[in-house]
Amino acid sequence: MNREQLIQSLESVRTQQHLLDIKEETLQTMRSIAIEAIHADDARRKVLDRAFQQLKQQLVAIELKIVDSFH
């Protein structure tokens, strides 16, 4: 590998790591929401469910970016 290829590989790894960090943060937030929902009343649980569903959609998008970053 030459210098340019190494630099490109390093940038790719950094991008993948950043995406994985975002994924981890999203999953932690989803976990927190799920735990809170266990003890919440119905109205609050509905709000938490909407937030959880939005995060689920974001997670799918992040996972697609991760897969794309490996190509």
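**View 1. L27 in helix α1.** L27 sits in helix α1, which covers residues 3–39; helices here are DSSP runs of H or I with at least four residues, numbered from the N terminus. This is a predicted model, so local features need pLDDT of at least 70 and side-chain atom pairs count only at pLDDT 80 or more, while totals for chains, interfaces and linings use all residues. Residues are numbered from 1 along each chain as its sequence is written, and side-chain values use heavy atoms, with hydrogens and water left out. L27 has 39% relative accessibility and therefore counts as partly exposed (buried is under 20% relative accessible area, exposed over 50%, partly exposed in between, with a 1.4 Å probe and protein chains only). Look across from L27 to K56: they are 29 residues apart along the chain, yet their C-alpha atoms are separated by 8.8 Å.

**View 2. How α1 meets α2.** The axes of α1 and α2 come within 9 Å and cross at roughly 160°, so α1 is roughly antiparallel to α2. For reference, axes are lines fitted to C-alpha atoms, for helices over the stretch in contact, and angles run from 0 to 180 degrees between N-to-C directions; over 145 degrees counts as roughly antiparallel. The residues of the contact of α1 with α2 split into 15 nonpolar, five polar and seven charged (Ala, Val, Leu, Ile, Met, Phe, Trp, Tyr, Cys and Pro are nonpolar, Asp, Glu, Lys and Arg charged, and the others, Gly among them, polar).

View 3. The structure holds four salt bridges, each a side-chain nitrogen of Lys or Arg within 4 Å of a carboxyl oxygen of Asp or Glu. In one of them, R14 pairs with E11, with the closest N and O atoms 3.2 Å apart. The two are three residues apart in helix α1, so about one helical turn separates them. E11 is partly exposed at 40% relative accessible area.

**View 4. R44 and E36.** Here the side chains of R44 and E36 meet in a salt bridge, 2.9 Å from N to O. R44 is partly exposed, at 36% relative accessible area, and E36 is partly exposed too, at 35%.

**View 5. R45 and D42 in α2.** Another salt bridge joins the side chains of R45 and D42, again 2.9 Å from N to O. Both lie in helix α2 (residues 42–69), three residues apart, or about one turn of the helix. R45 is partly exposed at 34% relative accessibility, whereas D42 is exposed, with a relative accessible area of 54%.

Definitions and conventions: Parallel < 35°, antiparallel > 145°, perpendicular 65-115°, else oblique.
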